[in-house]
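I opened a new structure today and want to get my bearings in its sheet. Here are my notes as I go.

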Amino acid sequence: GCSALPHRPLIPVPPASFERWDRAGLETPPEDQAPEAIRALKPAQWVRTSYKQKDSGGSVLVEAFGMPTDASAFEAQQKWRNEPGAVSFRKGNVFAVCSSPTETTQSLIAFSKKLETAWLPSKR
(Lines give C-alpha, C1' and ligand atoms only; values in the text may rest on other atoms or scores of the structure.)
Protein backbone atom coordinates (compact mmCIF):
# COMPACT_ATOMS: atom_id res chain seq x y z
CA GLY A 1 0.00 0.00 0.00
CA CYS A 2 0.88 3.63 -0.31
CA SER A 3 1.90 5.65 2.70
CA ALA A 4 -0.28 8.63 3.54
CA LEU A 5 2.66 10.46 5.07
CA PRO A 6 3.96 13.42 3.06
CA HIS A 7 7.60 13.38 1.99
CA ARG A 8 9.33 15.58 4.55
CA PRO A 9 13.04 16.02 5.21
CA LEU A 10 13.05 15.39 8.95
CA ILE A 11 15.88 16.83 10.98
CA PRO A 12 17.51 14.30 13.32
CA VAL A 13 17.03 15.11 17.01
CA PRO A 14 20.00 17.20 18.20
CA PRO A 15 22.30 15.36 20.64
CA ALA A 16 21.33 15.60 24.32
CA SER A 17 24.95 16.49 25.06
CA PHE A 18 28.37 16.61 23.43
CA GLU A 19 31.77 17.57 24.81
CA ARG A 20 31.05 20.18 27.55
CA TRP A 21 27.57 21.13 26.27
CA ASP A 22 24.12 19.96 27.41
CA ARG A 23 20.94 20.51 25.41
CA ALA A 24 18.30 22.58 27.22
CA GLY A 25 14.87 22.41 25.65
CA LEU A 26 13.74 21.43 22.18
CA GLU A 27 10.87 22.77 20.12
CA THR A 28 9.57 22.66 16.55
CA PRO A 29 8.03 26.06 15.77
CA PRO A 30 5.69 26.38 12.76
CA GLU A 31 7.64 26.80 9.52
CA ASP A 32 5.47 29.77 8.54
CA GLN A 33 6.96 31.72 11.47
CA ALA A 34 10.57 31.15 10.38
CA PRO A 35 12.71 34.21 9.57
CA GLU A 36 11.62 35.76 6.27
CA ALA A 37 14.81 34.88 4.36
CA ILE A 38 14.31 31.21 5.24
CA ARG A 39 10.53 31.20 4.85
CA ALA A 40 10.90 32.26 1.20
CA LEU A 41 12.75 28.97 0.55
CA LYS A 42 9.87 26.89 1.96
CA PRO A 43 11.47 24.94 4.83
CA ALA A 44 9.75 21.64 5.64
CA GLN A 45 10.80 21.67 9.30
CA TRP A 46 12.22 24.06 11.90
CA VAL A 47 13.89 22.86 15.08
CA ARG A 48 15.01 25.24 17.84
CA THR A 49 17.07 24.28 20.87
CA SER A 50 19.76 25.70 23.09
CA TYR A 51 22.89 24.34 24.68
CA LYS A 52 24.40 25.29 28.04
CA GLN A 53 28.08 24.88 28.75
CA LYS A 54 28.69 22.67 31.77
CA ASP A 55 31.57 24.64 33.27
CA SER A 56 31.23 28.27 32.18
CA GLY A 57 27.47 28.70 32.00
CA GLY A 58 27.68 29.96 28.42
CA SER A 59 24.73 29.29 26.16
CA VAL A 60 24.12 28.92 22.42
CA LEU A 61 20.77 29.04 20.60
CA VAL A 62 20.59 26.60 17.67
CA GLU A 63 17.97 26.92 14.94
CA ALA A 64 17.94 24.27 12.23
CA PHE A 65 15.81 24.23 9.10
CA GLY A 66 15.01 21.10 7.11
CA MET A 67 14.94 22.34 3.54
CA PRO A 68 13.22 20.59 0.62
CA THR A 69 16.54 19.90 -1.14
CA ASP A 70 20.29 20.16 -0.59
CA ALA A 71 20.27 23.02 -3.14
CA SER A 72 17.71 25.02 -1.14
CA ALA A 73 19.80 24.51 2.02
CA PHE A 74 22.82 25.81 0.10
CA GLU A 75 20.77 28.81 -1.07
CA ALA A 76 19.62 29.46 2.51
CA GLN A 77 23.25 29.56 3.64
CA GLN A 78 24.17 31.91 0.77
CA LYS A 79 21.31 34.30 1.58
CA TRP A 80 21.71 34.21 5.36
CA ARG A 81 23.18 37.43 6.68
CA ASN A 82 25.75 36.47 9.27
CA GLU A 83 25.23 38.83 12.16
CA PRO A 84 27.59 39.47 15.04
CA GLY A 85 27.20 36.63 17.53
CA ALA A 86 25.93 34.13 14.93
CA VAL A 87 27.45 31.52 12.63
CA SER A 88 25.79 29.06 10.27
CA PHE A 89 26.50 25.70 8.68
CA ARG A 90 24.85 23.40 6.17
CA LYS A 91 24.92 19.62 5.91
CA GLY A 92 22.82 18.00 3.21
CA ASN A 93 19.35 19.51 3.34
CA VAL A 94 19.80 20.89 6.89
CA PHE A 95 20.73 24.56 7.36
CA ALA A 96 21.57 25.59 10.93
CA VAL A 97 22.34 28.86 12.70
CA CYS A 98 24.13 29.02 16.06
CA SER A 99 23.92 32.30 17.97
CA SER A 100 24.93 33.47 21.42
CA PRO A 101 25.13 36.69 23.41
CA THR A 102 27.88 35.17 25.61
CA GLU A 103 30.23 33.39 23.17
CA THR A 104 32.85 34.97 20.92
CA THR A 105 32.69 34.41 17.17
CA GLN A 106 35.70 32.07 17.41
CA SER A 107 34.08 29.96 20.14
CA LEU A 108 30.80 29.88 18.15
CA ILE A 109 32.69 28.60 15.10
CA ALA A 110 34.31 25.88 17.23
CA PHE A 111 30.93 25.05 18.83
CA SER A 112 29.19 24.78 15.44
CA LYS A 113 31.87 22.45 14.04
CA LYS A 114 31.66 20.16 17.07
CA LEU A 115 27.85 20.20 16.99
CA GLU A 116 27.77 19.42 13.26
CA THR A 117 30.10 16.42 13.78
CA ALA A 118 28.10 15.11 16.77
CA TRP A 119 24.67 15.76 15.20
CA LEU A 120 25.00 15.31 11.45
CA PRO A 121 27.94 12.98 10.86
CA SER A 122 29.15 12.46 7.31
CA LYS A 123 27.59 9.51 5.55
CA ARG A 124 30.15 6.95 4.48
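**Starting from S4**

I looked at S4 to begin with: seven of its eight residues are buried, so the strand is largely enclosed by the rest of the structure. A reminder to myself that this is a predicted model.

I found an open sheet of six strands, running S1-S2-S3-S4-S6-S5 with antiparallel pairing. At the edges sit S1 (17–18) and S5 (86–91), each pairing on one side only.

**Who pairs with S4?**

I went through the neighbours of S4 in turn. With S3, the pairing is antiparallel over eight bridges. With S6, S4 also runs antiparallel, and six bridges join the two. I picked out valine 62 in S4: its bridge partner on one strand is threonine 49, and in S6 its partner is cysteine 98.

I then looked at the hairpin of S3 and S4. Five residues lie between the strands, and glycine 57 takes a positive phi near 80 degrees there.

**Out to the edge**

I moved on to S5, which pairs with S6 (residues 94–99) in the antiparallel sense over six bridges. Here alanine 86 stands opposite serine 99 of S6.

Which helix touches S5 and S6, and at what angle to S5 does it run? I found H2 (residues 70–79), packed on the sheet, with its direction at about 165 degrees to that of S5. H3 (residues 105–119) packs on the sheet as well, touching S1, S2, S3, S4, S5 and S6. The direction of H3 makes about 25 degrees with that of S5.

Definitions and conventions:
Residues numbered from 1 in each chain as written. Predicted model: local features only at pLDDT ≥ 70, side-chain atom pairs only at ≥ 80, totals over all residues. Heavy atoms only, no water. Pairing = 2+ DSSP bridges. Helix = DSSP H or I, 4+ residues; strand = E, 2+ residues; numbered from the N terminus. Contact = heavy atoms within 4.5 Å. Axes fitted to C-alpha atoms, helices over the stretch in contact; angles between N-to-C directions. Buried < 20%, exposed > 50% of the residue type's maximum accessible area, 1.4 Å probe, protein only.
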